[in-house]
Amino acid sequence: MTTSQAIPGARFVDPKILSRIGNLELMARSVVEGFINGLHRAPFFGASIDFAEHRGYVAGDDIRRVDWRLYARTDRYYVKQYEADTNTNLMVLFDVSKSMSFGSRGIPKLEYASFVAACLGYLAQRQRDRVGIITFDKEIVDHVPPSAKHFNVMLQTLDRAKAQRAGHLVEPLTRMAEFFKRRSIIVVISDLYEEPDAILEAMKPLKFLGNDLIVFHVLDPAELQFDYDDASSFEDLESGEQIPVVPQSLAEEYRALIKSHIDALTTKFSEHRIDYTMLNTSEPLDRALFGYLSSRERFMRVR
Amino acid sequence: MSFLTPLFFAGLAAIAVPVLVHLIQRERKRVVEFPSLMFVRRIPYQSVRRRRIRHWALLLMRAAAIALIVAAFARPFLPQAASATAAAAGAREIVIVLDQSASMGYGDHFAKAQDAARSVVRGMTNADRATLVLFAKNAEENMRATPDRARLEGAINAAKVTAGATRYGPAIKLAESILARSSVTRREAVLISDFQKTGWSGSEEAKFPEGMTLRTVSVASEGTTNLSVPSIQFARAAFSGQERITVTAGLSNKGDAAVKDIPVTLEVDGHEIESQKATVQPHASGSVTFTQFTLAGPNVRGVIRAGTDPLPADNAFHFVLTPSEPVSVLVVDNGAADGSLFISKALAIGTTPTFQVETTTPGRVSPASFDKRSVVVLNDTTFPPAGGAGALKQYVQRGGGLLVVMGDHTTWPTGETELLPGKIGAAVNRMSGRSGSLGFLDYSHPVFEVFKAPRSGDFSAAHFFEYRALEPLPTDRVLARYDDGAVAAVERKIGAGRIIAWTSTLDDTWTDVAVKPVFLPLVHQLVRYLARYEQTASWMTVGQVLDLNARARGRERIVVTPSGERVAQAAAGQNVAGLVELNEQGIYELRTAGAANGRPDSVAVNLDPVESDLAPLDPSELVASVTGHAVPVTGALAATQEMTREEVERRQGLWWYLLLAGLLLLAAETVIANRLSRNEKFL
């Protein structure tokens, strides 16, 4: 179960207040800037002008790169080498299946997920990363290839995303694996209503080419707590199936089941080095950003 | 089980209420949208079908509770006690009621009926007793209650079809009285018949009390064919001193198919006179008229035969003809020319009977003139001297008829006032102004009875210009009055004779009634009544009783039935003898003991025409009428009227248990429903 972890200096913003902003970019900037300002000396910010090592001069090297100070000390020509360009692709795989439209008391899961995606996009764009997005339900709905200029396109795509159809993870994710030619950070935002094994099987192809995979599991508090009072007929948003339910009698078992589902996902994803974060739509967005940044740091280390 | 207030069963409609509530609740329930029921579906729960079955059980409990409460309000009671069940295994008292009427002679109906009766006998146990009742128009106890099956079968075998008509009433009453005498609790009557509709009017007061059952065995056939001769008519004509008869035979086809070209034969004294072909459509009637034949003498026997069919008895019709004897009338008038013209002309026209009229004057009348006269008419004349000194009175007392027609010349001696119904007065003249007319007629009197029906004779058209005043005694019967209330006709009876006084003339002097259409029938009716004329019946019907006293007095008679059986009848006046019931179809001969050989007195007897109508009755209708139940009630019932009040109350106390059971069921339902809903994860 996820709870809000206090990150020093972070300005937590209630998603409900964010939802009033209306402008995704403004919203994303508000969140990300606040978040960054709070992180003093963020260890994760690498710079592309940082020095890496020296190597011996070879004919043809640009003499401007020769480290003259070292020549003065050692009388040998060394060329300074700097950190490589760390620009990368951020690809958001965004679930727009009908179940994502659910929202019991605040904003719908789809909107919350949009915030997360927008914030991640903004963050990436600030770092000169290329951003792209693929929305899907039971098949691919929109595909925005990763590009440094595609942040706005991504925001527009998120803006018009509507949860209309039933969703399925396996087929669209398998197809998407074909799109990734470069190493990317792949962020999957979904409510993951599939069997954990099936989800893992669908995610595996995304891990090829050394992609880094971050999974955001978006759930409404009602889905976690099942705190309904009246006996009612529950209708599955995607299949339309109705089951008459007495919630008081059922809630305990339901909570146990959803917990075991989350636990299973956590275990399996960690086994496969997939970063998994469960997001409760009643909680602030910082967890999502934190997850992303920690993942990026790991990505840089691995290089 | 019966119910005291069955109307309460309308409350059973309340059973629909839980069903409706259930359905309405189902329709109204809230629907909550949920992203995915993936986990909800995984929770172990009863399947939808099982859940529904469990709810149906609850529903059934509720419905049963309502039904029990409604049944309690309907106040059930047990009409039959435990004694009834105990009696069901006991001995039976059986009455076999076997129809032997003439219609049972149709085809093999009677054989089938005998078979049915025998099968009832064979179904008896050793403890059972049976009585055989044979019936047609009347019922007789042929074999008294006996457990001896061989004797019963013998009696059934010996039974024969009679000529009687069918009547179920007497048979059922007899069966009821036999069963009522029995002390056995299981009492039943078995009625075996062809169930002719004509035998049951529905108004018979034959009822079986509770505890007696009536079982029916019908031997009727579908699609019967039956041609019958229900009646004949005679037209008499006088010809050279002899009577000639024209016979018209009626034919009736009660079957569903037409009968074509069947021979219809007239036989007289055993000789075939004529045969004709006739065709009668289904359910229709026809007639055949034969050529005249001369009636040679008295007691001529005849028979009409029409074709053959499964019921031959009604294809023959017997009759006996005797030349009619004329009514002798002595008309005494004042001697004026054509003084009795109207009366004598009117009487000359009669055929049934013919009138033999002799006209004379008072001076010529002698006491012997009254001998062998049926009627004496004093037509506007003085009292005949020979009638004095009681001669005319004796004639009347012996049975003679006297008609006094008053006019100018009418006088009456004071010594004979007994012979005149009233005190004669002066003539009343109605010439001035409006003439008189008849204002009152006693249509209940045989003389005027024929004029009773509308358009059967208009007396108001006759004018009376003059009449003699007459003051009748209170004992005299006024038959007619004028419009002013004066007496027009009055009757007095002396001894066996009858006297009628007519206060105006019967010619055209004082009245014009003689030229009105009513004159002829009036004169005929007056003379027939005074002469006590009755037409001799040419035939009688089976079941009628022949009064020998009317035919021969004081002599011993021997009656020979059509089957040849001789029945000696003692002289009339001794005991009740003199009455013979006519049970057979054909010619009965009445012979006088010691009489000279000659043509014996004969009586033709025919079947009752209704017996030819074989249309069957629904036996259950008869059973319902007799027992009050449409179907036979099995098992003997104890007499409910003998039950004590406590027993009656105990049998009606079932409602307490039903109400209690209903309430307990409701309580149980509440507990179960609460428990179920508490444990329920799904609706």
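Two strands pair if DSSP finds at least two bridges between them. Strands themselves are DSSP runs of E with at least two residues, helices are DSSP runs of H or I with at least four, and both are numbered from the N terminus.

Good morning, colleagues. The structure before you is a predicted model, in which local features need pLDDT of at least 70, side-chain atom pairs count only at pLDDT 80 or more, and totals for chains, interfaces and linings use all residues. Residues are numbered from 1 along each chain as its sequence is written, while chains are lettered from A and ligands numbered from 1 in the order in which they are written.

I begin with a pairing in chain B. Strand E16(B), residues 300–306, and E17(B) pair in the antiparallel sense over six bridges. Within E17(B), Val320(B) stands opposite Arg301(B). Both strands belong to an open sheet of four strands, ordered E13-E12-E16-E17 in chain B, with antiparallel pairing. At its edges are E13(B) (271–280) and E17(B) (316–321), each of which pairs on one side only. From one strand to the next, the twist averages 15°, taken between lines fitted to C-alpha atoms, with angles running from 0 to 180 degrees between N-to-C directions.

Let us turn to chain A. Its secondary structure comes to 10 helices and 10 strands. Of its 303 residues, 40% are buried, meaning that 20 or more other C-beta atoms, placed from the backbone, lie within 10 Å of the residue's own.

Where do the two chains meet? The contact takes 27 residues from chain A and 18 residues from chain B; two residues are in contact if their C-beta atoms, placed from the backbone, lie within 7 Å. On the side of chain A that touches chain B, strand E8 (232–236), strand E9 (242–245) and helix H9 (247–271) each supply at least two residues. H9(A) gives the largest share, six residues.

The chains are also joined by strand pairing. E8(A) runs parallel to strand E2(B), residues 31–34, and four bridges join them. Asp236(A) has Phe34(B) as its bridge partner in E2(B).

My last point concerns one residue. Is Gly211(B) buried or exposed? Gly211(B) is buried, because 21 other C-beta atoms lie within 10 Å. This glycine lies in the loop between strand E7 (186–193) and strand E8 (212–218) of chain B. Its C-alpha atom is separated by 7.3 Å from that of Thr185(B), 26 residues apart along the chain.

Note on methods
Buried ≥ 20, exposed ≤ 12 C-beta atoms within 10 Å, placed from the backbone.
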